[in-house]
Amino acid sequence: MTPADGRNAAPADSAFIRACRGLPVEHTPVWFMRQAGRSLPEYRALRQGVAMLDACARPDMITEITLQPVRRHGVDAAIFFSDIMVPLHAIDLGVEIVPGTGPVVEKPVTGEADLDRLRDLAPEDVWYVTEAVRMLVAELGSTPLIGFAGAPFTVASYLIEGGPSRTYTKTKALMYGRPELWNALCERLAAITLSFLRVQIAAGASAIQLFDSWAGALSARDYERFVAPHSRAVFAGLSDVDIPKIHFGVGTSHLLESIAEVGADVVGVDWRTPLDAAAARVGDRSVQGNLDPTVLFAPGEVLEAEVRRILTEGKAARGHVFNLGHGVMPDTDPDALTRTVELVHEHSS
Ligand code: CP3
């Protein structure tokens with residue numbers, strides 16, 4: 001199916017939106033975190049000589065890159081091509097995305113004075129997001145577009161560490177040692193995140209996903225104390241918007257109840273927790289996941305068996321959106337992704 005098909009149908013009637021809402025579907029919908037990116041040769045060709053954050057500021061590039069996996073794989077939803085650091089770049093915080101490393105922050109946050117650099121985001125700051133979402137919604141027809149943003153904890157971790165981290169030492173030191181500064185920082189980040197999501201929703205996104213990728217680094221107690229209130233503020237700020245909201249983190253087996261309760265309709269689950277076990281813990285919510293991204297490197301029979309297992313386990317939830325347990329790895333064979341879409345559709349209808 002190409003994006004132009006089904007122009008008369010609405011995204012609201014799509015399998016993806018219906019599964020998010022826990023309504024009956026004709027097949028289990030599937031999309032992949034990081035589907036718009038480096039696993040695709042057509043993506044790499046387009047990005048030649050263009051820095052990541054420059055690409056994220058060009059409506060033509062955003063639109064094309066967002067559509068590439070929809071055309072190639074026939075996924076049931078598009079994810080907006082951008083990055084969790086785009087809003088901070090847009091307010092001139094001094095962020096870069098270094099190939100092979102990830103986000104790097106020129107002057108990390110160390111004290112109260114840094115808070116002034118975190119002004120709120122205005123729609124004009126990200127005019128290219130509005131333009132690209134509008135173009136995409138027109139192109140995608142009945143295929144829903146997922147908008148997204150980074151949750152306060154995950155974004156704060158880059159701001160405080162200055163780049164990626166395995167231990168989050170500086171982040172946790174600030175959180176434990178200077179809770180007032182931590183809360184003030186996360187309040188600002190929640191406001192920026194909310195503004196960024198609102199821009200995407202106003203321009204026509206059909207659903208949103210809040211990525212708290214690194215929240216799994218915290219104990220359940222610390223998550224409740226230091227993180228949940230700020231993520232909850234983001235969802236509360238969207239309570240007037242009737243579109244599905246997804247919340248995702250990696251390594252969150254011990255946090256699923258808490259993550260579910262901050263306000264999402266759909267809880268993203270990584271590959272460590274079977275979906276039936278997850279479903280029993282997230283209340284009246286749908287689940288999204290949870291194929292281990294490395295299974296895409298395994299023989300076809302293994303992939304098929306894993307897809308079938310996950311579809312069976314997903315039946316325990318009120319709704320299931322098939323996805324990976326985390327993002328597509330850059331060296332994934334794109335054909336394995338296309339095959340996964342076929343398998344999900346075939347075995348669920
Ligand atoms: O999912 C999609 O296809 C949409 C686009 C998307 C990107 N980043 C594009 C990107 C999304 C949803 C993100 C979210 C994001 N960015 C998260 C949360 C999701 C997750 O994976 O946990 C995080 C933690 C970031 C921060 C970030 N940006 C990292 C860790 C990296 C990878 C660093 C590396 O090179 O290994 C980036 C860069 C980035 N974001 C790329 C893409 C396609 C690769 C840059 C490139 O192509 O040059």
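One cavity of 30 Å³ or more was counted. The model is a predicted one. About 50 Å³ of space lies in the largest cavity. Its lining is formed by I84, P87, L88, G150, V155, L189, I192 and T193. Two helices, α5 and α9 (179–202), each contribute at least two residues to this lining. The largest share, three residues, is supplied by α9.

D83 was examined next. This residue sits in the loop that runs between β1 (78–79) and α5 (86–90). D83 is buried, yet no salt bridge is formed. The nearest side chain of opposite charge belongs to R34, at 4.9 Å. A salt bridge requires a side-chain nitrogen of Lys or Arg within 4 Å of a carboxyl oxygen of Asp or Glu. A polar atom of the D83 side chain does lie 3.0 Å from the backbone nitrogen of M85. Beyond residues up to four places away in sequence, D83 touches M52, C56, I97, F148 and F196.

F297 is found between β8 (286–291) and α13 (300–314). Its relative accessibility is 41%, so F297 counts as partly exposed. That class covers the range between buried, under 20%, and exposed, over 50%. With neighbours within four places in sequence set aside, F297 is in contact with M329, D331 and T332. F297 and L40 are 257 residues apart along the chain, and their C-alpha atoms are separated by 15 Å.

How values were computed:
Residues numbered from 1 in each chain as written. Predicted model: local features only at pLDDT ≥ 70, side-chain atom pairs only at ≥ 80, totals over all residues. Heavy atoms only, no water. Helix = DSSP H or I, 4+ residues; strand = E, 2+ residues; numbered from the N terminus. Buried < 20%, exposed > 50% of the residue type's maximum accessible area, 1.4 Å probe, protein only. Lys, Arg positive; Asp, Glu negative; His and termini not counted. Polar contact = N/O pair within 3.5 Å; in protein donor to acceptor, adjacent residues only side chain to side chain. Contact = heavy atoms within 4.5 Å. 1 Å grid on protein atoms, 1.4 Å probe; cavity = no way out; pocket = protein on both sides within 12 Å on 5 of 7 lines; lining within 4 Å. Points joined across faces, edges and corners; volume = space filled by probe spheres on them.
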